[in-house]
Amino acid sequence: MVIAPCSIKTMSEIATGVTGNLLSRAADVALKERRRLVLLLRETPLHLGHIRTMAAVTEAGAIVYPPVPAFYSRPATLAEMVDHTLYRVLDLFDLDFGKIRRWTGEKINPPIQE
């Protein structure tokens with residue numbers, strides 16, 4: 001299950017198990033059944049309470065994935081940034097569309113442009 005975007009309120013409900021709506025209840029069931037749950041947390045900046053809640057929901061089995069643009073992929077457009085985030089999330093579910101390259105630890109030198 002993916003919650004995108006995920007508010008702090010929704011994350012807090014999931015972390016505490018006090019589900020107030022169908023979305024947080026479905027996430028609670030996903031955790032109960034040991035299924036993958038990815039939360040694309042939308043708010044920043046974070047205070048200590050948010051960070052503690054992120055830790056609690058992670059300890060419960062969720063993955064907190066703030067949709068932060070990855071510039072190492074050298075996106076040329078905003079659409080490429082969004083697509084990269086989408087494909088990274090899908091990769092968490094072992095869905096490979098061949099659109100992103102996994103980092104292998106090898107240093108790749110970019111071509112020199114003259």
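How many residues apart in helix 1 are K9 and E13, and about how many helical turns separate them? The two are four residues apart, which means that about one helical turn lies between them. Keep in mind that this is a predicted model.

**Salt bridges**

K9 and E13 form a salt bridge, with their closest N and O atoms 2.8 Å apart.

| Salt bridge | Closest N and O atoms |
|---|---|
| K9 with E13 | 2.8 Å |
| D28 with R25 | 3.0 Å |
| R42 with E43 | 3.1 Å |

D28 and R25 both belong to helix 2, where they are three residues apart, about one turn of the helix. R25 is partly exposed, its relative accessible area being 40%. In the bridge between R42 and E43, R42 counts as exposed at 51% relative accessibility, while E43 is partly exposed at 26%.

**The fold**

Stepping back, the chain has four helices and three strands. Read from the N terminus, its elements run β-α-α-β-α-β-α. The three strands make an open sheet with the order 1-2-3 and parallel pairing. Its edge strands are strand 1 (2–6) and strand 3 (63–64), each of which pairs on one side only. Strand 1 pairs with strand 2 (residues 38–41) in the parallel sense, over three bridges. Helix 1 (residues 8–16) packs on the sheet and touches strand 1 and strand 2; the direction of the helix makes about 140° with that of strand 1. To find a bridge between strands on your display, look at V2, whose bridge partner in strand 2 is V38.

In soluble globular proteins, nonpolar side chains tend to be buried together. Here the largest nonpolar core has 14 residues, and those touching the most other members are I3, M11, I14, L37, L39 and V57. Strand 1, helix 1, helix 2 (22–32), strand 2 and helix 3 (48–59) each give two or more residues to this core. Helix 1 gives the most, with three residues.

Leaving aside its neighbours within four places in sequence, V57 is in contact with M11, I14, A15, L39, A62 and V64.

**An aromatic pair towards the other end**

The structure has one aromatic pair. Y87 and F97 form this pair, which is tilted: the ring centres are 6.1 Å apart and the planes make an angle of 45°. Y87 lies in helix 4 (residues 78–91) and F97 in the segment after helix 4, so the pair ties together parts that are ten residues apart in sequence.

**The chain as a whole**

Of the 114 residues of the chain, 27% count as buried. The C-alpha atoms fill a box of roughly 60 × 30 × 25 Å, taken along the principal axes. Among contacts in the chain with a separation of 6 or more, 60% come from residues 24 or more positions apart.

Conventions
Residues numbered from 1 in each chain as written. Predicted model: local features only at pLDDT ≥ 70, side-chain atom pairs only at ≥ 80, totals over all residues. Heavy atoms only, no water. Pairing = 2+ DSSP bridges. Contact = heavy atoms within 4.5 Å. Axes fitted to C-alpha atoms, helices over the stretch in contact; angles between N-to-C directions. Core = buried A, V, L, I, M, F, W, Y, C linked by side-chain atoms within 4.5 Å. Buried < 20%, exposed > 50% of the residue type's maximum accessible area, 1.4 Å probe, protein only. Salt bridge = Lys/Arg side-chain N within 4 Å of Asp/Glu carboxyl O. Phe/Tyr/Trp six-rings, centres within 6.5 Å; stacked < 30°, edge-to-face > 60°.
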